[in-house]
Amino acid sequence: MLLGVIADDFTGASDIANTIAKGYRTTAGLSTTQFLGIPNEPAPGDCEAGVVALKTRSIPAAEAVAQSLQALSWLRKQGCRQIVFKYCSTFDSTPEGNIGPVGEALASALGAKGVIVCPAFPGAGRTLYQGNLFVGDVPLNESSLRTHPLNPMTDSDLRRWLRLQSQEPVGFVPWRVVRNGGNAIRNALDEAARQGEVLVVVDAISDEDLLEIGEAAAGVPLLTGGSGIALGLARNFAADRSARSAGRGFEGIAGPEAIIAGSCSQATLQQIAYHAQYHPVMPIAVETVMDGALDVYAVTDFVLAHGGRAPLVYSSDTPEKVAALQDRYGRETVAGRLDNLFAAVARELVSRGIRRLVVAGGETSGAVVSALDLDALTIGPEIAPGVPVLTNKAPLALALKSGNFGQQDFFERALAIMEGKLPEGGRLT
């Protein structure tokens with residue numbers, strides 16, 4: 001294994017695995033495997049990049065650090081030459097962590113300073129300028145992420161946010177340096193390291209910037225960022241790899257299908273509304289989950305009764321309604337009960353023959369995959385930027401979608417590509 005990734009949630013792991021596996025422009029991707037949790041055995045012999053998917057984004061910082069260090073230990077045993085700590089391109093965290101504590105712990109274990117911090121992913125509308133993170137054309141704290149139910153982002157200045165989380169000094173490389181190329185970036189990082197700055201926020205407003213940052217990262221033991229940070233990494237291993245293109249040989253997996261959505265992002269809400277025009281949907285009222293009026297079998301019976309019609313079940317709702325429910329029942333209680341419900345639903349559906357499963361939402365995806373007790377997944381063709389098809393030997397095809405990702409018709413598109421069908425113009429047939 002050449003490149004190792006520690007991801008703080010399951011959809012983010014799929015996102016960066018997709019970026020690494022498909023390559024960029026003229027650079028072929030690396031043969032990539034996504035591991036669901038920390039494996040108990042060595043990686044496959046043909047694995048050039050291993051992505052360890054953890055569920056550490058919103059747990060206590062000390063637990064996140066411990067799990068991340070365990071993942072690091074396993075990846076180092078596989079021979080990794082470089083480690084990436086992957087977090088969300090919207091820097092989902094709180095003043096207590098977990099990005100700063102995990103980043104510093106990994107840096108300490110690897111003896112690294114001047115470590116890149118760059119969540120930018122211009123292809124997904126995330127750019128970083130003067131240390132401030134933008135979503136589209138608005139600062140992060142003016143976007144819908146301000147009302148995120150678990151990690152509300154109330155400051156777009158990542159230098160300030162990261163300093164709240166970190167014990168060591170935080171550095172900064174502005175875009176006026178980045179635009180001068182990889183050597184200039186590397187010199188700035190080296191200077192930050194000499195000054196004792198462990199984590200260093202690096203501006204990026206284009207894919208070209210990310211490629212230059214990738215060049216600057218050649219040979220460093222650790223870097224951190226969103227999936228965009230991986231755009232320029234594969235070419236650093238060109239001299240000693242046997243990479244294959246992502247999705248080669250994928251023949252598709254047929255069989256019954258289901259869609260589960262727990263995200264409350266604007267993109268997912270729009271995808272649900274679009275899907276409901278053509279397919280059966282079942283909204284999950286949080287009140288019925290909290291008082292025990294809705295059980296697992298009512299949900300699974302709905303899905304199985306509508307087989308072949310891309311049935312969707314969802315608990316997604318507007319930020320205002322979500323906030324009201326959290327005030328009434330408690331934020332962690334609501335999230336836990338919904339995750340437990342969807343985890344049980346997914347487990348029951350797969351046991352009853354579901355072979356194609358689409359999941360929307362990072363926390364929901366983590367709960368579902370944990371419940372299915374999968375170990376490693378092969379990266380298949382891309383459904384949307386940042387979202388590949390994932391397969392195992394069951395056979396089972398999965399798509400784990402971060403809330404804000406995907407086209408309007410993402411759900412039906414995902415099911416079609418899982419089956420090995422290509423899109424035909426507008427809506428899929």
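The model is a predicted one, in which local features need pLDDT of at least 70, side-chain atom pairs count only at pLDDT 80 or more, and totals for chains, interfaces and linings use all residues. Residues are numbered from 1 along each chain as its sequence is written, and side-chain values use heavy atoms, with hydrogens and water left out.

A pair of aromatic rings is described by the distance of the centres and the angle of the planes. Rings of Phe, Tyr and Trp (for Trp, the six-membered ring) pair if their centres lie within 6.5 Å, and planes under 30 degrees apart count as stacked, over 60 as edge-to-face and the rest as tilted. By this rule the whole structure holds 5 aromatic pairs. One of them joins Phe35 and Trp74 edge-to-face, at 5.0 Å centre to centre and with 65° between the planes. Because Phe35 lies in strand 2 and Trp74 in helix 2 (residues 61-77), this pair ties together parts that are 39 residues apart in sequence; helices (H or I, at least four residues) and strands (E, at least two) are DSSP runs, numbered from the N terminus. Both Phe35 and Trp74 are buried, where buried means under 20% relative accessible area, exposed over 50%, and partly exposed in between (1.4 Å probe, protein chains only).

The rings of Tyr87 and Phe91 also form an edge-to-face pair, since their centres are 5.3 Å apart and their planes stand at 85°. Tyr87 is buried, with a relative accessible area of 0%, and Phe91 is likewise buried at 0%. Together with Phe85, Tyr87 and Phe91 form one aromatic cluster.

Not counting residues up to four places away in sequence, Ile38 touches Val52, Leu54, Gln67, Gln70, Ala71 and Trp74, contact meaning heavy atoms within 4.5 Å. With 27% relative accessibility, Ile38 counts as partly exposed.

Leaving aside neighbours within four places in sequence, Ser265 is in contact with Gly403 and Asn404.
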